[in-house]
Amino acid sequence: MLESFSISFTIGAFLGILIMGTVATVILPAIELRRKSFFIQYYVLVFLFVVVCIGDCFTYEKPQYLILGKIITYLEYLVPSLMFVLMTSHLLYRCGKETKKNRFFHIVLMLWSVYFVLLLIAQFTDKMYYLTPENTFFRGPLHTLLILPLLAIMTINVAALYHYKNTISKRTFRHFLFYLIPVEIALILHPFFNTMIFVIVAIIVCAVVLFTVVLSEQVVQYTQQQKEILNQQSKITVLQMRPHFIYNTMTSIYYLCEQSPKKAQQLTLDFTIYMRKIFNAVVSENVIPFSEELEHTRAYVNVALAQIGDRLKVEYNTSYKDFYLPPLTLQPLVENAIKHGMNFDEKSLRVSITTRKTESGSVITVEDDGVGFDPDSIDPKGTLANIKERLSKYVGGTLTIESSPKGTTATVFVPDKQ
């Protein structure tokens, strides 16, 4: 009764884990093909083992199912052994080793071959295990001999894991360790207790670990993909820089060379700083000090002033600079204020840049008194949306836009590090 209850109880958990593992393995598309193949094969074996356990529950101590009981018992010993060999292959693959030429894998195959031969012998002798005419399972005097090859396989797996631990990440090392140790302990305890419950529980723990591996790798991969997408969007934003802005700047420098060589020299320097910061931002994947972003913004404003003249006034109230933010955060906001706020048929444009410290973080405000625009018309794939995404991903920050016919205010909030 205890055996039946234990197996029935674990089957329920097993089925839940099997469903989760199948979903994570089959539906999630981003898993590498060979890794996905491993998880599918593993969970097929888990499914087979579940079917065998269920069959054991319904046929145990029922003489009319004696032949079926012998087949089920045989599979109860065979299927887990295939999982152990499959795990060896996957472990070596994750460590960057070629399975066919690896000595650990050769030893495991040899041990499994010994186990398979012993399991075949067990079908024709009562020395290892046997079923009575009442379909009741009993262990023979040499039952421990049958378990020793499996215990040796798991020991080899643990040894291989420690031998190659420098070739894998700490997270991957822990995942494999959490898989191998419960099975190792279960196999050590198995000869001393006349029950399969320890092996079943160990395999359940392993299935949970593998399911966790699938999900954690998906989360990490998704995060990396999102970060790469943001980086690519930033690069596209830079590469889509308005060509006429460059043409106008070069034309201004051309005329200033004759009219005012000193101004031409300064404009060339500002334009060089602006371009250098732009292309540095393309290759950068890290946050930068606000002072660097402010230098980039000043260079852009100086270039814009050379083209627009006195009709543009930019005020700086940025004494507070002790925080970090993603590159291309402030400069595009100022450029956007000038681009959309300037009305060349009316008054001049005033742009104010302010920074301040709050209890929970740092705030940048870019305010203009231009013609304004409808915030609902912001392109979800445009510059402002890109700034929002990068602020959220890199520093947990926010960008809010308020606009009316009297002007626009863009507010950046960068929270303090926790």
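**Exercises on aromatic rings**

At 16% relative accessibility, phenylalanine 173 counts as buried, a term for residues under 20% relative accessible area, with exposed over 50% and partly exposed in between (1.4 Å probe, protein chains only). The model is predicted: local features need pLDDT of at least 70, side-chain atom pairs count only at pLDDT 80 or more, and totals for chains, interfaces and linings use all residues. Residues are numbered from 1 along each chain as its sequence is written, and side-chain values use heavy atoms, with hydrogens and water left out.

**Exercise 1.** Classify the pair formed by tyrosine 130 and phenylalanine 138.

*Solution.* Rings of Phe, Tyr and Trp (its six-membered ring) pair if their centres lie within 6.5 Å; planes under 30 degrees apart count as stacked, over 60 as edge-to-face and the rest as tilted. This rule gives a count of ten aromatic pairs. For tyrosine 130 and phenylalanine 138, the distance is 5.9 Å centre to centre and the planes are 20 degrees apart, hence a stacked pair. Tyrosine 130 is partly exposed, because its relative accessibility is 30%. Phenylalanine 138 is also partly exposed, at 37%.

**Exercise 2.** Classify the pair formed by tyrosine 162 and phenylalanine 173.

*Solution.* The ring centres of tyrosine 162 and phenylalanine 173 are 5.3 Å apart and the planes stand at 85 degrees, so the pair is edge-to-face. Tyrosine 162 lies in helix α5 (residues 143–163) and phenylalanine 173 in helix α6 (residues 170–189), eleven residues apart; helices are DSSP runs (H or I, at least four residues), numbered from the N terminus. Tyrosine 162 has 42% relative accessibility and therefore counts as partly exposed.

Terms used. Helices (H or I, at least four residues) and strands (E, at least two) are DSSP runs, numbered from the N terminus.
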